[in-house]
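Visitor: Could you take me through one part of this model in detail, starting with how its helices pack? I would like the residues named, and then a word on the charged pairs elsewhere.

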Amino acid sequence: MEHFDAGILSLLPPVITIILALRTKEIISSLFIGILAGVLIYCVGIGNSPYLLKTVEVTFDLIVKKVDFNIIIFGSLLGSLVYLVAITGGTKAYASWATKRIKSKRSALMATTFLGFAMFIDDYFNCLSIGTVMQPITDKFKISRSKLAYIVDSTAAPICIIAPISSWAVGVGSSINTTGVSGSNFSAFVSTIPWNFYAIFTLIVVLMVSWGGFDFGPMLKDEIDASTSTAISENAPANGQGEIVNGVEGKLIYMLLPICSLIVFAVLGLLYTGGYWGDDISRHSMIVAFGNCDAARALVMASFGSLLVAFILFVPSRVLSLQEFMDGAVEGIKVMLPCVIVLVLAWAMGGLCRDLLQTPKFVTSIIGSGKGMVVMLPAIFFILAGFLSFCTGTSWGTFGILIPIAVPVIQALDPSLVSAGLAAVLAGSVFGDHSSPISDTSILSSGNAGCSLIAHISSQMPYACVAFAGSTAGYLVAGFTDGNIVLSFLVGLIVTVGSMFALRGRSLTYSKKNAAFLE
């Protein structure tokens with residue numbers, strides 16, 4: 001498809017989608033209407049008539065071309081695995097076991113947070129596994145689904161972008177490679193880690209929410225609603241025993257073995273697709289293999305392997321018959337269908353803005369006049385990356401576009417700010433992806449935590465904005481101090497933590513009126 005430079009009109013599709021989603025609380029139709037509007041602009045712009053007929057044709061052609069079948073297959077197989085574990089009583093047996101050891105709401109939140117920290121290999125794996133595993137526990141302690149979705153989403157991309165061994169290394173490395181900024185893409189990536197303020201501050205905010213109960217905005221309301229609800233969660237066992245299915249009591253191994261096999265197979269798959277056991281000797285290193293892996297393909301292999309383990313565990317022992325196993329697998333795929341539809345439409349929206357309407361070209365042109373403001377460049381590129389990523393719903397696409405633009409500009413004007421500027425682009429890309437309702441990680445996090453996408457985005461946004469404000473302050477200080485990392489970080493941290501205390505203070509009176517929430 002040919003490109004059309006739509007200028008400011010290229011912002012209309014995501015704007016329409018976001019407005020409709022907030023107004024209707026329904027994301028699928030909002031996304032589809034936004035895509036149709038964008039494609040209509042495209043067809044009129046290139047003179048592709050008859051416009052209405054071509055709009056429909058190009059829309060579905062775009063959707064088909066932007067589908068990542070590996071992610072869809074992985075999500076579907078994972079849905080099958082989760083459903084099978086649930087119908088055998090494995091989920092409730094795990095909840096019963098865990099609740100005997102996790103004695104408080106704070107412990108449940110911290111366990112969820114540290115599990116998110118541990119899943120640093122890939123953000124998709126994080127989003128698709130933690131919500132499912134921790135949902136019975138958080139339900140037991142009456143933690144809102146929106147808070148669970150927030151923790152999952154906030155420990156996905158933010159932890160991956162500062163983990164040297166992760167699937168994100170290849171994406172960042174390939175973009176860095178085009179700039180010639182360093183002889184080693186890996187060392188250039190590592191140099192951005194202490195400068196990636198948004199990722200670090202987001203993780204600090206998550207810890208404050210989990211340990212200190214810093215709830216405000218929509219999250220506070222959701223937490224109060226969850227804590228005062230008298231309904232017993234359908235996922236929490238009331239008698240301390242696993243659920244009995246088909247005359248067999250659910251056992252802890254019914255959950256642990258399939259999930260642990262998923263983790264093991266995922267690591268092995270990432271190493272395999274990264275060439276760890278291949279003919280290229282230069283890839284016979286875990287760091288290099290992880291940096292060159294195909295995460296989507298590896299996760300498909302892992303989900304299939306874990307499903308095979310579940311089959312061997314359940315069918316020969318007659319926990320499930322062959323018919324029950326296959327029926328459960330199909331039902332699990334059905335459960336994931338709404339999430340898959342939203343994901344496909346979000347990919348199409350991102351492709352529409354990036355490729356057809358040239359949104360990145362328009363947005364980057366806006367800062368053309370600011371290139372002489374050297375001290376402002378890290379903050380400018382951070383804000384620009386955040387805005388672009390928010391509109392397109394992709395962090396990888398954003399830093400892939402902006403790194404080749406930002407690094408040469410900063411390198412030519414002030415080499416001392418290269419690491420800060422590069423990190424600012426990465427941080428802004430994560431912020432936009434973290435906050436956008438058309439982001440795949442937002443969709444996956446909310447779907448697997450059992451929370452509506454709109455509720456997740458609205459409750460997460462205040463916390464994302466706090467980290468955004470602190471990061472902006474840090475990058476401004478970096479520009480004015482020629483890249484002083486200590487001072488920049490401290491200023492950003494003070495703004496972030498100070499904002500958290502200020503916002504919590506404003507909500508304290510409201511919280512006291514709901515004493516049950518504070519217990």
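**Helix α21 and its neighbours**

Guide: Helix α19 passes helix α21 in a right-handed crossing. This is a predicted model, and what follows should be read with that in mind. Helix α19 covers residues 377–392 and helix α21 residues 418–435; their axes come within 7 Å and cross at roughly 30°. Because of that angle, α19 counts as roughly parallel to α21, the cut-off being under 35 degrees. On the α19 side, the contact is made by P378, F381, F382, A385, G386, S389 and F390. On the α21 side, the contributors are A424, V425, A427, G428, S429, F431, G432, D433 and S435. Sorted by class, the contact of α19 with α21 has nine nonpolar, six polar and one charged residues.

Helix α21 has a further partner, helix α23 (residues 453–480), which packs against α21 at an angle of about 170°, with the axes 10 Å apart. An angle over 145 degrees counts as roughly antiparallel, so α21 and α23 fall in that class. From α21 the contact takes A420, A423, A424, A427, F431, H434 and S435. From α23 it takes I457, Q460, M461, A464, F468, Y475 and A478. The residues of this contact divide into eleven nonpolar, three polar and no charged. A424, A427, F431 and S435 of α21 are listed in the contact with α19 and also in the contact with α23.

Helix α22 spans residues 440–449 and is mostly covered, with nine of its ten residues buried. The buried residues are D440, T441, S442, I443, L444, S445, S446, N448 and A449. Just after α22, G450 takes a positive phi of about 75°.

Now the charged pairs. The structure holds eight salt bridges. One of them joins E223 and K105, whose closest N and O atoms are 3.0 Å apart. E223 belongs to helix α13 (residues 218–228) and K105 to helix α6 (residues 105–118), so this pair ties together parts that are 118 residues apart in sequence. E223 counts as buried because its relative accessibility is 0%. K105 counts as buried too, because its value is 18%, and the cut-off is under 20%.

Another salt bridge is formed by the side chains of K147 and D215, at 2.7 Å from N to O. K147 sits in helix α8 (residues 145–154) and D215 in the loop between α12 (197–212) and α13, so the pair links distant parts of the chain, 68 residues apart. Both K147 and D215 are buried.

An α-helix has 3.6 residues a turn, so residues three or four places apart point the same way. At 46% relative accessibility, K221 counts as partly exposed, and D225, with a relative accessible area of 40%, is also partly exposed. Salt bridges that share partners join K105, K147, D215 and E223 into one network.

Definitions and conventions: Residues numbered from 1 in each chain as written. Predicted model: local features only at pLDDT ≥ 70, side-chain atom pairs only at ≥ 80, totals over all residues. Heavy atoms only, no water. Buried < 20%, exposed > 50% of the residue type's maximum accessible area, 1.4 Å probe, protein only. Helix = DSSP H or I, 4+ residues; strand = E, 2+ residues; numbered from the N terminus. Axes fitted to C-alpha atoms, helices over the stretch in contact; angles between N-to-C directions. Parallel < 35°, antiparallel > 145°, perpendicular 65-115°, else oblique. Left-handed = near helix turned anticlockwise from the far one by under 90°. Contact = heavy atoms within 4.5 Å. Nonpolar A, V, L, I, M, F, W, Y, C, P; charged D, E, K, R; others polar. Salt bridge = Lys/Arg side-chain N within 4 Å of Asp/Glu carboxyl O.
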